[in-house]
Amino acid sequence: MLPARLTFAPALLGLAVLALSACQQQPAGSAEATAAPEAKPGLTVTEGRLMLPVVKGNPAGIYFTLTNTGDKAGTLAAVSIDGAAKAEMHETKGGKMSAVPQIEVAAGGTVRFEPGALHVMAFELDDKLAAGGTAEMTLTFADGDKLSVPLKIEARAAGEGMAGGMAGMDQGSGH
Ligand SMILES: [Cu+2]
């Protein structure tokens with residue numbers, strides 16, 4: 001009887017410790033779930049950056065990679081930038097830039113927004129958008145789902161390799 005009790009007690013203690021840690025984990029897990037309400041399942045944004053214009057008052061270029069790891073296609077319908085009055089999806093082709101109303105990201109597919117190609121432009125920038133900081137970008141999908149991510153704000157250096165693509169953009173945005 002005595003040896004049985006001795007081995008039973010540590011087992012009970014172990015159960016109590018397990019129950020305690022389970023209780024502690026639950027609130028942390030649910031807080032995490034509510035902290036990111038604007039996350040679309042299966043869709044992620046990486047390498048998000050906002051390139052400030054060389055000339056103040058010109059639009060900024062926004063570049064990122066949108067990846068769909070889900071099994072359903074997603075249709076990106078609108079982009080907004082916290083700190084910009086307006087943002088549009090554009091595509092540069094043959095030196096000309098035109099607005100793109102929506103972009104489909106196939107299941108398992110990737111869409112790149114990059115200089116001289118598909119990109120986002122943001123207009124009427126707030127002064128709070130400064131190089132070295134971050135700006136929040138919100139993507140709105142055709143089904144109403146949203147995805148918010150931070151963009152790294154960068155200043156464009158004169159004579160940068162992407163200058164050719166940017167020149168086309170500046171030209172197009174002039175009218
Ligand atoms: Cu553009």
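Strands β4 and β5 (residues 96-99) pair in the antiparallel sense over four bridges; two strands count as paired if DSSP finds at least two bridges between them. Strands here are DSSP runs of E with at least two residues, numbered from the N terminus. Within this pair, Glu 91 stands opposite Ser 98 in β5. The two strands form a hairpin with two residues between them, and Gly 94 in the turn has a positive phi of about 55 degrees.

This is a predicted model, in which local features need pLDDT of at least 70 and side-chain atom pairs count only at pLDDT 80 or more, while totals for chains, interfaces and linings use all residues. Residues are numbered from 1 along each chain as its sequence is written.

Strand β4 (residues 84-93) also pairs with strand β8 (residues 118-125), in the antiparallel sense and over seven bridges. Here Ala 87 stands opposite Ala 122 in β8.

The loop between β8 and β9 (134-141) holds Lys 128. Lys 128 is exposed because its C-beta atom has 10 others within 10 Å, and a residue is exposed if that count is 12 or fewer, with C-beta atoms placed from the backbone. Between Lys 128 and Gly 83 there are 7.0 Å in space, C-alpha to C-alpha, although they are 45 residues apart in sequence.

Confidence is given as pLDDT, the predictor's score for each residue from 0 to 100. The protein chain averages 80, and 68% of the residues score at least 70. Over residues 8-36 pLDDT stays under 50, and the model has zero contacts beyond four places in sequence for them; a contact requires C-beta atoms, placed from the backbone, within 7 Å. Residues 161-168 also stay under 50, but with twelve such contacts.

Notes
Two residues are in contact if their C-beta atoms, placed from the backbone, lie within 7 Å. A residue is buried if 20 or more other C-beta atoms lie within 10 Å of its own, exposed if 12 or fewer, and partly exposed in between; C-beta atoms are placed from the backbone.
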